[in-house]
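Hi,

Here is the structure I promised to send over. Have a look at it first, and then read on for what turned up when I went through it.

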Amino acid sequence: MDSNHTILFVAFLILCLTVNGVTGYATVTGTVFCDQCKDGEKSLFDFPVSGIKVSVTCLDENGQVYMSREETTNWLGGYVMRFDGTPDLSNCYAQVSDNGAQQGSSSSCSIASGPAQKLKLLFSFFGIETFVVDALLAQPVQPMSSCPKPPPAPVMPPPQVPVMPPPQVKLPPLPPIAQVPVLPSPKAPAMSPPPATSPPQFKLPPLPPIPPVPFVEPSACCHKLWIRPEYRCYWKVIGPDTKVAVAFGLVAGRRYGTDMTVGEALKGRGEAYKTLLREATTALLNSYNSLGFPYNSVAVITYTNMALLGNSQHDVLMTAIRFIKANSGTCKFTDCK
């Protein structure tokens, strides 16, 4: 019955898009991180940085640029670019523009770093495509003082000078020495070792259960599994009683009220905005629990707020469809102990 409901809902969305005359477009999304240690890699010290210009450049078969677009990261460090129509973005790359050392900028990270990243197709549906970009890096002028220092360069030992052995002098043999009789030494009385005693045994208390770590491989679980009590140990960062306004921000709080919790959001159905909040909450939980989930937590919150700010039924429906598809993968849950 639930699968039939999902099929009917998707068919209703397709009918709405057809009646409204939806035209195709493509979106590109990603995040820029501040490489505080200037090591050229994303690490635990790095964080999303706002106000950074990101450019997307597309090349033809001859290596010539035929399309380019530039966008600035938002306060969450993310950027979203929209290309109307059905452009070919298969040979396009995104990179941090040369911002230079910006004076008076709210972020100290403004110098481009790292190679350009190729766009990856994440979703294609009725002429609407979504591309994602791996994390881009921007660096400060000087690395953070608390960053780990690089290992010192190995010291090469001085070259060894070969030492020539001294010349051997052959001496005449010594006369034989008379043998002196050896008297037997007195035997000491045998002493038996003391009996060995084992140390006292102490029984240690059992260790507490270790909470499950995030899955490295992709894991996507639907909203029905997240509300089951046997999987409650997989809730991370947020809990069932967390307010929607805390998890998604003030925009979601104005739309759904300040009293609605995340657990209540997972039970919403029958209306486009309730469906969007249910699937967005499910996607946010999956992003916290799986490193291979198609959307990270910043992208989930950004897409949800963009759909709510647009006040467009079409944007709300399309964002809900993207999250439904991402949440329909393979779930790696096992019962909590």
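**The space between the domains**

The count comes to one cavity of 30 Å³ or more. Keep in mind throughout that this is a predicted model. That largest cavity has a volume of about 40 Å³. Its lining is made of Thr-29, Gly-30, Thr-31, Asn-74, Gly-78, Tyr-79, Val-80, Val-298, Ala-299 and Thr-302. In terms of elements, S1, strand S5 (78-84) and H7 each put in at least two of the lining residues. By type, the lining splits into four nonpolar and six polar residues, with no charged ones. Where does the largest cavity sit relative to domain 1 (25-139) and domain 2 (223-327)? Both domains give residues to the lining, so the cavity lies between them.

Then there is the largest pocket, with a volume of about 810 Å³. It is lined by 27 residues, and the closest to its centre are Phe-33, Lys-42, Tyr-295, Asn-296 and Ser-297. Strand S1 (25-34), strand S2 (47-48), H6 and H7 each supply at least two residues of the pocket lining, and S1 gives the most, with four. The lining of the pocket divides into 16 nonpolar, eight polar and three charged residues.

**The chain and its cores**

Now for the chain as a whole. It has eight helices and 11 strands, and 38% of its 337 residues count as buried. Among contacts with a separation of 6 or more, 67% are between residues 24 or more positions apart.

The largest nonpolar core has 41 residues, and those with the most contacts inside it are Trp-226, Phe-248, Tyr-256, Leu-276, Tyr-295 and Phe-323. At least two residues of this core come from each of helix H2 (223-226), helix H3 (244-248), helix H4 (250-256), helix H5 (262-265), helix H6 (272-289), helix H7 (297-310) and helix H8 (313-326). H6 supplies the largest share, eight residues.

Beyond its neighbours within four places in sequence, Leu-276 is in contact with Tyr-256, Ala-307, Leu-308, Val-316, Thr-319, Ala-320 and Phe-323. There is also a second, separate core of 23 residues, including Val-32, Val-54, Cys-92 and Val-96.

Gly-77 is in the loop between strand S4 (65-72) and S5. Is Gly-77 buried or exposed? Its relative accessible area is 0%, so Gly-77 is buried. Leaving out residues up to four places away in sequence, Gly-77 touches Gly-30, Thr-31, Val-32, Pro-48, Val-49 and Ser-50. From Gly-77 to Ser-50 the C-alpha distance is 4.6 Å, although the two are 27 residues apart in sequence.

His-223 is in helix H2. It has a relative accessible area of 11%, and because the cut-off for buried is under 20%, His-223 counts as buried. Its contacts, leaving aside neighbours within four places in sequence, are Leu-266, Arg-269, Arg-278, Glu-279 and Thr-282.

The other two are prolines in loops. Pro-218 lies between strand S11 (136-139) and H2, and with a relative accessible area of 53% Pro-218 is exposed. Even so, Pro-218 touches Ser-290, Gly-292, Thr-330 and Lys-332, not counting residues up to four places away in sequence. Pro-218 and Cys-331 are 113 residues apart along the chain, with 8.4 Å between their C-alpha atoms.

Pro-240 is in the loop between H2 and H3. At 25% relative accessibility, Pro-240 counts as partly exposed. Pro-240 touches Arg-232, Trp-235, Thr-261, Val-262 and Gly-263, again not counting residues up to four places away in sequence. The C-alpha atoms of Pro-240 and Ile-227 are separated by 8.5 Å, with the two residues 13 apart along the chain.

Cheers

How values were computed. Residues numbered from 1 in each chain as written. Predicted model: local features only at pLDDT ≥ 70, side-chain atom pairs only at ≥ 80, totals over all residues. Heavy atoms only, no water. Core = buried A, V, L, I, M, F, W, Y, C linked by side-chain atoms within 4.5 Å. Buried < 20%, exposed > 50% of the residue type's maximum accessible area, 1.4 Å probe, protein only. Contact = heavy atoms within 4.5 Å. 1 Å grid on protein atoms, 1.4 Å probe; cavity = no way out; pocket = protein on both sides within 12 Å on 5 of 7 lines; lining within 4 Å. Points joined across faces, edges and corners; volume = space filled by probe spheres on them. Nonpolar A, V, L, I, M, F, W, Y, C, P; charged D, E, K, R; others polar. Domains from an automatic or database assignment.
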